[in-house]
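Please view the structure before reading on.

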Amino acid sequence: MAEAPEGYIKVGDMKRLRIKKCVPVSDGSQSIAVFYSDGNLYAFSNLCPHSGYALETGSIKDGLLTCAWHQARFDVADGTCPDGFTDDIDTFEVIRIEDEVWVNPEPR
Ligand code: FES
C-alpha cells in the first residue's frame, strides 16, 4: 500500500483518472479538481473565479484549462488567466505513488 506525505488528500487510482479525466476532492474547506490529460496530472481550485461554477467539467487542451461555462481559460502551469477574462486560480501539487494519486491541499 502506498504511503502518502502527511496532509495530502487521496484522489484515487490512475484507472479512475484515465476514465473520468477529472476527479474532484475536498479537504473540507475547498474543492480541488484533479485532471488527467495527455499523460499529465494537474490540480486546480475547483471554483471558477468568473461566476463561481465548478471547473471540474472543464477541459484541457494546448496547455490551457477551459471552463465549460463561459470559456475562461487558465494556464495549466501556473493557473494564470492569460487573456485577463477573470482572476487567476490556485494550482496544487499532485503526486503519484505506485498507482495511487494524491494532492497537496496547500496551494503552490
Ligand atoms: S464560471 Fe467559468 S467562465 Fe464563467
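## Strands, core and loops

S26 has S31 in β3 as its bridge partner. The model is a predicted one, in which local features need pLDDT of at least 70, side-chain atom pairs count only at pLDDT 80 or more, and totals for chains, interfaces and linings use all residues. Residue numbers start from 1 along each chain as its sequence is written.

Strands here are DSSP runs of E with at least two residues, numbered from the N terminus. Two strands are said to pair if DSSP finds at least two bridges between them. Strand β2 (residues 22-26) pairs with β3 over five bridges in the antiparallel sense. The two strands form a hairpin with four residues between them, and G28 in the turn has a positive phi of about 100°.

A separate topic is the open sheet of three strands, which has the order β5-β6-β7 with antiparallel pairing. β5 and β7 (73-75) stand at its edges with a single partner strand each, so one side of each has no neighbour in the sheet. On average, neighbouring strands of this sheet are turned by 30° against each other, direction ignored; the axes are lines fitted to C-alpha atoms, and angles run from 0 to 180 degrees between N-to-C directions. β6 and β7 run antiparallel and are joined by three bridges. L64 stands opposite D75 in β7.

A nonpolar core is a set of buried Ala, Val, Leu, Ile, Met, Phe, Trp, Tyr and Cys residues joined through C-beta atoms within 7 Å. Buried means that 20 or more other C-beta atoms lie within 10 Å of the residue's own, exposed that 12 or fewer do, with C-beta atoms placed from the backbone. The largest nonpolar core has 26 residues, of which A33, V34, A43, F44 and V103 touch the most other members. At least two residues of this core come from each of β2, β3, β4 and β9 (100-103). β3 gives the most, with five residues. Leaving aside residues up to four places away in sequence, A33 touches C22, P24, A43, F44, N46, L55 and E56, where contact means C-beta atoms within 7 Å.

| Residue | Phi | Loop |
|---|---|---|
| D62 | about 50° | between β5 (59-61) and β6 (64-66) |

D38 counts as exposed because it has 8 C-beta neighbours inside 10 Å. D62 counts as exposed because it has 8 C-beta neighbours inside 10 Å.

How values were computed. Two residues are in contact if their C-beta atoms, placed from the backbone, lie within 7 Å.
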